[in-house]
Amino acid sequence: MKKELLLVILLFSFITNAQKLNFSYDNAGNQINRVLCMSNCSAKPAKEVKEIEALVEEDMEKFFPEDVISYYPNPVKEELFLKWIISEDNYVSSIDIVSMAGQMLKQYHTTSGTDNQNIPFQEYPTGVYIVLLKYSNGEQKSIKIIKK
């Protein structure tokens with residue numbers, strides 16, 4: 001009886017170790033898929049983070065294809081790169097970093113000729129942040145950024 005019980009326990013522990021949950025996320029960090037993998041589970045290779053100088057337009061993320069704001073990477077570990085399209089009468093005047101609790105963490109002021117900004121995230125703890133772009137005409141756009 002003891003041998004059978006030991007065999008059942010060992011078999012159960014082997015089976016439970018072979019199971020794995022895989023999650024998929026969209027660009028905003030929302031979970032979109034959850035799959036239970038029973039055997040032969042291999043993790044997807046992590047997406048390589050490029051240096052800002054090596055970025056091409058296809059690397060930049062947007063919420064919508066017609067959006068004028070691009071950003072890279074999300075989730076961010078060290079530094080977020082923002083790029084936007086400027087027009088003569090409407091430009092990004094400031095960028096605010098806001099915690100999910102609503103606390104203003106940092107504000108960056110830009111000039112009318114600026115079309116990009118590097119934002120360091122090393123000093124912030126892991127979590128979700130809002131990057132708020134304020135335009136000269138009073139319009140605002142926000143991006144949800146995940147800090148790893």
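The model is a predicted one. In it, the count of salt bridges comes to three. The pairs are described below, each with the exposure of its partners.

**Asp-115 and Lys-83**
- The side chains of Lys-83 and Asp-115 form a salt bridge, with an N to O distance of 3.5 Å.
- Lys-83 belongs to strand β4 (residues 79-84), while Asp-115 sits in the loop between β6 (104-109) and β7 (116-120), so this contact ties together parts that are 32 residues apart in sequence.
- Asp-115 has a relative accessibility of 25% and counts as partly exposed.
- Lys-83 counts as partly exposed, at 31% relative accessibility.

**Lys-134 and Asp-96**
- A salt bridge links Lys-134 to Asp-96, and their closest N and O atoms are 2.9 Å apart.
- Asp-96 is located in strand β5 (residues 92-99) and Lys-134 in strand β8 (residues 127-135); the pair therefore ties together parts that are 38 residues apart in sequence.
- Lys-134 is partly exposed, its relative accessible area being 25%.
- Asp-96 has a relative accessibility of 1%, and because buried means under 20% relative accessible area, Asp-96 counts as buried.

**Lys-141 and Glu-139**
- Glu-139 and Lys-141 form a salt bridge in which the closest N and O atoms are 4.0 Å apart.
- Lys-141 counts as partly exposed, with 27% relative accessibility.
- Glu-139 is likewise partly exposed, and its relative accessible area is 35%.

Key. Residues numbered from 1 in each chain as written. Predicted model: local features only at pLDDT ≥ 70, side-chain atom pairs only at ≥ 80, totals over all residues. Heavy atoms only, no water. Helix = DSSP H or I, 4+ residues; strand = E, 2+ residues; numbered from the N terminus. Buried < 20%, exposed > 50% of the residue type's maximum accessible area, 1.4 Å probe, protein only.
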